[in-house]
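Subject: Handing over the structure

Hello,

Here is the structure I promised to pass on to you. Please have a look at it first, and then read my notes below.

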Amino acid sequence: MIRIIDYGVGNIQAFLTLFKRQGIAAEKASTIEELQDATRLILPGVGHFDHAMQRLNDSGLRPELERLVLKESVPVIGICVGMQMLADSSEEGTLPGLGWIPGKVKSFASNPLMVKLPMPHMGWNTLQTKPASRLFQAGFDDEPQFYFLHSYYFDAEDKNDVAASAFYGTDFDVVVSRGHMHGVQCHPEKSHHWGAQLLKNFAEFG
């Protein structure tokens, strides 16, 4: 069962609708008990980094999530701010991140190559993917298009963890994968068939 973490941040219904269309079993989880049958985990997130981290910390779900992901190796994917929460820290706030994938969330505005570009980075952009990535293992052409809405990006400490990048003034990390842990900055739930295929691949190969 795919469990979507319901901690008060993120559009959970969009993911539930997408998986239902694909015939993939998925439900939200707002209690520790609802996490017990999880074979996959989705950590959604929107808005401010510190707000999302505080909501997760206050939900009471974090210790069980860490047990499932770090000890039981249950595959997880963080979406948008949910991806940024996988990092060690963020320039957007002061709270520490989960630290599951080494890296720091940085502001486009702090990068000289991006500072004069419109903010937030919004709309469609092309991904440069690594074919070996399990998230892109099936159903993708050479230049998949994904929808973005963000002013901060995940800068992976180990570039071997980067499964896809995009260009906005300069290349930046869009998808990171370390073993069974994944993060996606773009919005697969808003990215038509490309997004649906990425989540299907996570469900099948993640």
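The structure holds 0 disulfides, a disulfide being a pair of cysteine sulfur atoms within 2.5 Å. For Cys80, the closest cysteine sulfur belongs to Cys186 and lies 9.0 Å away, which is too far for a bond. Cys80 counts as buried at 5% relative accessibility, and Cys186 is buried too, with a relative accessible area of 0%. I use "buried" for under 20% relative accessible area, "exposed" for over 50% and "partly exposed" for anything in between, with a 1.4 Å probe and protein chains only.

Before you read on, please note that this is a predicted model: local features need pLDDT of at least 70, side-chain atom pairs count only at pLDDT 80 or more, and totals for chains, interfaces and linings use all residues. Residues are numbered from 1 along each chain as its sequence is written, and side-chain values use heavy atoms, with hydrogens and water left out.

Now to the core. The largest nonpolar core has 70 residues, and those touching the most other members are Ile5, Leu41, Met85, Phe136, Phe172, Val175 and Leu198. Helix 5 (residues 192-205) gives the most to this core, with 6 residues. Such a core is a set of buried Ala, Val, Leu, Ile, Met, Phe, Trp, Tyr and Cys residues joined through side-chain atoms within 4.5 Å. Helices (H or I, at least four residues) and strands (E, at least two) are DSSP runs, numbered from the N terminus. Contact here means heavy atoms within 4.5 Å.

Next, the charged pairs. Side chains of opposite charge can pair when their charged atoms come close. A search of the whole structure finds 11 salt bridges, each a side-chain nitrogen of Lys or Arg within 4 Å of a carboxyl oxygen of Asp or Glu.

- Lys28 and Asp6 meet at 3.7 Å, N to O. This pair links distant parts of the chain, 22 residues apart: Lys28 sits in strand 2 (residues 26-29), and Asp6 in the loop between strand 1 (2-5) and helix 1 (12-21). Lys28 is partly exposed at 42%, as is Asp6 at 22%.
- Arg62 and Glu66 meet at 3.1 Å, N to O. Both lie in helix 3 (residues 62-71), 4 residues apart, about one turn of the helix.
- Asp155 and Lys106 meet at 2.8 Å, N to O. Asp155 belongs to strand 10 (residues 152-156) and Lys106 to strand 6 (residues 103-107), so the pair ties together parts that are 49 residues apart in sequence. Salt bridges that share partners join Lys106, Asp155, Lys159 and Asp173 into one network.

Finally, where does His180 lie? His180 is in the loop between strand 12 (171-178) and strand 13 (181-184), and at 18% relative accessibility it counts as buried. The side chain of His180 reaches the backbone oxygen of Val69 at 2.7 Å. Setting aside neighbours within four places in sequence, His180 is in contact with Val69, Ser73, Val74, Pro75, Val76, Arg134 and Gly206.

Enjoy exploring!

Best wishes

Notes: Polar contact = N/O pair within 3.5 Å; in protein donor to acceptor, adjacent residues only side chain to side chain.
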